Amino acid sequence: MKNVFFYTIVALFLLMLSIGSAVAVTIEGGKGDPFIKIKTDSYEVHWKTGAQMGYMVAFVKGKALFEDKIGRRLYHSNNYAGWKDWGALTGFKVLEKKPGMAKVEFVSDDGASKEWHCVATFWDGTPLIKHEVTVKAKKTVVSFSHGHEPMYEVKIPAKDQANWDSAGDKGPFAHNAFWIGGNFSALYDTHPKAKARIHANRMVLVHDDLGKVAKAGQTSDPIVYFVAFAPGGKAEAHALADEVATGGPKNLTTVDASGKLSITWGAIKDIR
């Protein structure tokens with residue numbers, strides 16, 4: 001028992017020594033820049049501010065998963081009087097920023113009836129990013145429809161993609177993934193009615209059953225899903241769905257405002 005306690009203290013001490021180099025989720029850039037760069041302790045993503053706004057560059061442990069500078073990658077789209085997509089970024093706010101996490105809001109206008117608001121939460125200590133997306137109606141419109149919210153243009157061979165249906169009310173919920181060069185990216189839903197689909201070089205989460213009519217000036221209920229960037233492949237991507245089904249990231253190590261290490265009992269048990 002003494003040895004277990006000793007090694008736990010040693011592990012915590014080493015963690016405290018290294019915490020200074022990996023405590024902050026960093027955000028570089030803003031509305032006037034071509035990209036907004038977000039970096040955690042395990043991945044770096046660049047959010048394109050032009051149409052269609054969204055992730056266009058992603059690195060996992062310093063290795064590029066994709067790094068397109070033009071075109072489109074992950075965004076929302078639906079079809080009413082023609083297809084309408086996330087346009088260029090029209091608003092950007094840092095809603096919360098503290099060591100180990102950051103919550104930001106990206107706003108886009110489709111040029112017709114919708115203003116999309118995407119609140120994204122990034123953490124150190126997990127590959128998962130939480131997206132909470134709402135629609136503010138400019139005209140009467142269905143909030144989510146036509147199975148492309150979100151849409152991920154992955155451009156990966158079919159053998160390197162997979163999707164899973166929802167297992168029911170307790171999850172795991174619908175999710176899909178692609179992998180290349182030892183890393184993967186995936187989409188995970190949080191609602192049993194959502195569906196996951198793969199169409200050639202596109203992965204989508206389908207939220208049609210959650211869509212509702214919103215009149216001008218109204219804001220829809222949110223849809224919530226997670227995006228992941230991490231080492232591994234099909235098995236590792238699928239395993240993360242269980243974590244999403246139980247509420248998402250837990251037992252994350254952070255540092256409080258005074259610089260003191262804050263670690264949960266669950267994390268201590270993991271170390272032991």
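Reader: Is Lys 155 buried, partly exposed or exposed?

Author: This is a predicted model. Lys 155 has 48% relative accessibility, so it counts as partly exposed.

Reader: Where is Lys 155 placed?

Author: Look in the loop between E14 and E15. Strand E14 covers residues 151–153. Strand E15 covers 161–164.

Reader: What is the phi of Lys 155?

Author: Start with the general idea. Most residues other than glycine have a negative phi. Now the case here. Lys 155 is not a glycine, yet its phi is positive, about 55°.

Reader: What is the phi of Ala 200?

Author: Ala 200 is also a residue other than glycine, and its phi is positive, near 55°. Find Ala 200 in the loop between E18 and E19. Those strands form a hairpin with two residues between them.

Reader: Is Ala 200 buried or exposed?

Author: The cut-off for exposed is over 50%. Ala 200 has 66% relative accessibility, so it counts as exposed.

Reader: How many residues of strand E19 are buried?

Author: Buried means under 20% relative accessible area. Strand E19 spans residues 202–206, and four of its five residues are buried. The strand is mostly covered.

Reader: How many bridges join E18 to E19?

Author: Five, and the two strands run antiparallel. Strand E18 is residues 195–199.

Reader: In which sense do E14 and E19 pair?

Author: They pair in the antiparallel sense, over three bridges. Check Glu 153, which stands opposite Arg 202 in E19. So E19 has pairings with E14 and with E18, by the definition of at least two bridges.

Reader: Which residues does a cis peptide bond join?

Author: The general idea again: most peptide bonds are trans. Here, a cis bond links Gly 171 and Pro 172, with omega about 0°. Pro 172 is in the loop between strand E15 (161–164) and strand E16 (175–180).

Reader: What is omega for the bond of Ala 51 and Gln 52?

Author: About -15°, and this peptide bond is cis.

Reader: Where is Gln 52?

Author: Gln 52 is in a loop. Strand E3 (43–48) and strand E4 (54–60) are on its two sides.

How values were computed:
Residues are numbered from 1 along each chain as its sequence is written. This is a predicted model: local features need pLDDT of at least 70, side-chain atom pairs count only at pLDDT 80 or more; totals for chains, interfaces and linings use all residues. Side-chain values use heavy atoms; hydrogens and water are left out. Buried means under 20% relative accessible area, exposed over 50%, partly exposed in between (1.4 Å probe, protein chains only).
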